[in-house]
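Hi everyone, thanks for coming. Let me put it on the screen.

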Amino acid sequence: MTSNKISSFREFYPTYLREHSNSTCRALHYIGSFLVLSVLFFAISTSQYKLLWVLPVIGYGFAWVGHFFIEKNRPATFTYPFYSLLGDWVMLKDFLTGQITKKLKDAGVTA
């Protein structure tokens, strides 16, 4: 992340996308997010609430592998935890709605 203090998600998201410029890193985020949703649904629908403890392990595990081994950068979670969590879901939404390429380009990411 930049050293300047970010004060809104609107300001944060382009930086977040630049830190996810590698498509494999983004794919790992998407996999983690889908697994989180799947486990969440399963745990609630079967009343197996003790499974909920694995949600952060799944979500952050996939994302951090992408950052540490592929992007080779520091996850935004450490500096902006709320914006980073929101960024994961907005990036997934942008991917699912076909907007991710445009948003990446607007953020200055070249493929």
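Let's begin with α4, which has 16 residues and reaches 23 Å from its first C-alpha to its last, close to the 22 Å expected at 1.5 Å a residue. Please keep in mind that this is a predicted model.

Now, which residues of α4 are buried? They are Tyr83, Ser84, Gly87, Asp88, Val90, Met91, Leu92 and Asp94. Those buried residues pack against α1 (9–18), α2 and α5 (100–106).

Let me stay with α2, residues 23–45, for a moment. The axes of α2 and α4 are 10 Å apart, and the two helices pack at an angle of about 100 degrees. An angle from 65 to 115 degrees counts as roughly perpendicular, so that is how α2 lies relative to α4. On the α2 side, the contact is made by Arg26, His29, Tyr30, Ser33, Phe34, Val36 and Leu37, and α4 brings in Asp88, Trp89, Met91, Leu92, Phe95 and Leu96. Sorted by type, the residues of this contact are nine nonpolar, two polar and two charged.

Phe78 sits in the loop between α3 (55–71) and α4 (81–96). Is Phe78 buried or partly exposed? Its relative accessible area is 40%, so Phe78 is partly exposed. Leaving aside residues up to four places away in sequence, Phe78 touches Trp64 and Phe68.

That's my tour, and I'm happy to take questions!

Notes
Residues numbered from 1 in each chain as written. Predicted model: local features only at pLDDT ≥ 70, side-chain atom pairs only at ≥ 80, totals over all residues. Heavy atoms only, no water. Helix = DSSP H or I, 4+ residues; strand = E, 2+ residues; numbered from the N terminus. Buried < 20%, exposed > 50% of the residue type's maximum accessible area, 1.4 Å probe, protein only. Contact = heavy atoms within 4.5 Å. Axes fitted to C-alpha atoms, helices over the stretch in contact; angles between N-to-C directions. Parallel < 35°, antiparallel > 145°, perpendicular 65-115°, else oblique. Nonpolar A, V, L, I, M, F, W, Y, C, P; charged D, E, K, R; others polar. Expected span 1.5 Å × (residues − 1).
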